[in-house]
Amino acid sequence: MITRTARRHPDKLPPIAGVKGQVQQRGVERRRALVDAAIELFGAQGYAGTGVAAIAARAGVTPSALIHHFGSKENLLKAVLDEFDARAAARVTQHADQGVEGLKAALLADADYTMAHKGLATLHVVLQAEHLAGDTDVRARFLARNRALRRAFAELLGEDRATELVAFLEGALTLWLLDPATVDLRALYEGHLRRL
């Protein structure tokens, strides 16, 4: 059926492809809002303590919209972890070809990013603590990430120093999250990296 507008102005047909693109864009934006809401709430309340309804409400959608986009809370968690890993990888790889000095620069940039995005840092610590025991996908993911970091650091520093560095990073993050008013995460990193 051709509308009256199309008959009067054949050069102004309804943008069918544009509508589809707009719908897809809204879907992307909605998924982004849900992931951001989940990052914030999982970080503040833990995965177990956060319900689908709370995440949906924070994102301004219905719980059924969350299920439509992710299928389940578990799939949303996977999307959150994918986002976390993607952001971390992007920060570290920009200095990957610069040896030890590049590693130092990457870790200092990571400290700055972490201090500006406390929710992500809290999410990391909370999820890791919630999944220390048991045989879960999340635990396996944290274990694989930890081992990959140690391997990457070991190429530059040797295995002992790499393990020490990962232990320091985990501990420094927890210390800063407990007392951000008196602990400067970047200064902690700078001091440790100088001694390392």
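**Ground rules**

I am looking at a predicted model, so I keep local features only at pLDDT of at least 70 and side-chain atom pairs only at pLDDT 80 or more, while totals for chains, interfaces and linings use all residues. I number residues from 1 along each chain as its sequence is written, and my side-chain values use heavy atoms, with hydrogens and water left out.

**Whole chain**

I started with the elements and found 10 helices and 0 strands. Helices here are DSSP runs of H or I with at least four residues, strands are runs of E with at least two, and both are numbered from the N terminus. I then checked burial: of the 196 residues, 35% count as buried. Buried means under 20% relative accessible area, exposed means over 50%, and partly exposed is in between (1.4 Å probe, protein chains only).

I looked up the accessible surface too, and it comes to about 11,600 Å², with 56% belonging to carbon and sulfur atoms. Those areas come from the Shrake-Rupley method with a 1.4 Å probe, and for residues only the protein chains shown count as cover. Next came contacts, meaning heavy atoms within 4.5 Å. Among those between residues at least 6 apart in sequence, 63% join residues at least 24 apart.

**Helix α7**

Which residues of α7 are buried? I get L120, A121, T122, L123, H124, L127 and Q128. As a reminder to myself, an α-helix has 3.6 residues a turn, so residues three or four places apart point the same way.

I took a separate look at Q128, which lies in α7. Q128 counts as buried because its relative accessibility is 19%. Leaving aside neighbours within four places in sequence, I see Q128 in contact with F142 and E170.

**Empty space**

Rolling a probe the size of a water molecule over the atoms shows where empty space is left. I worked on a 1 Å grid over the protein atoms alone: a cavity is a set of points where a 1.4 Å probe fits but cannot get out, a pocket is an open set with protein on both sides within 12 Å along at least five of seven lines, and lining residues have an atom within 4 Å of a point. Grid points are joined across faces, edges and corners, and a volume is the space filled by probe spheres set on the points.

I found 2 cavities of 30 Å³ or more. The largest cavity holds about 60 Å³ of space, and its lining is L81, F84, D85, L123, H124, L127, R141, F142 and R145. By class I log 5 nonpolar, 1 polar and 3 charged residues there. Helices α5 (73-93), α7 and α8 each supply at least two residues of that lining.

The second largest cavity has a volume of about 30 Å³. I list H124, Q128, F142, R145, N146, L149 and E170 around it. Helix α8 gives the most to this lining, with 4 residues. The classes are 2 nonpolar, 3 polar and 2 charged.

I also looked at the second largest pocket, at about 160 Å³. Its lining is Q128, H131, L132, R139, F142, L143, N146 and R150, which I sort into 3 nonpolar, 3 polar and 2 charged. Helix α8 (residues 137-157) gives the most here, with 5 residues.

**Two spots later in the chain**

L177 sits in helix α9 (residues 159-178). Buried or exposed for L177? Buried, because its relative accessibility is 17%. Not counting residues up to four places away in sequence, I see L177 touching K118, A121, T122 and V125. For L177 and V125, 52 residues apart in sequence, I get 9.0 Å from C-alpha to C-alpha.

R186 is in helix α10 (residues 185-195). I log R186 as partly exposed because its relative accessible area is 27%. With residues up to four places away set aside, R186 touches L108, A111, D112 and M115.

How values were computed:
Ala, Val, Leu, Ile, Met, Phe, Trp, Tyr, Cys and Pro count as nonpolar, Asp, Glu, Lys and Arg as charged, and the others, Gly among them, as polar.
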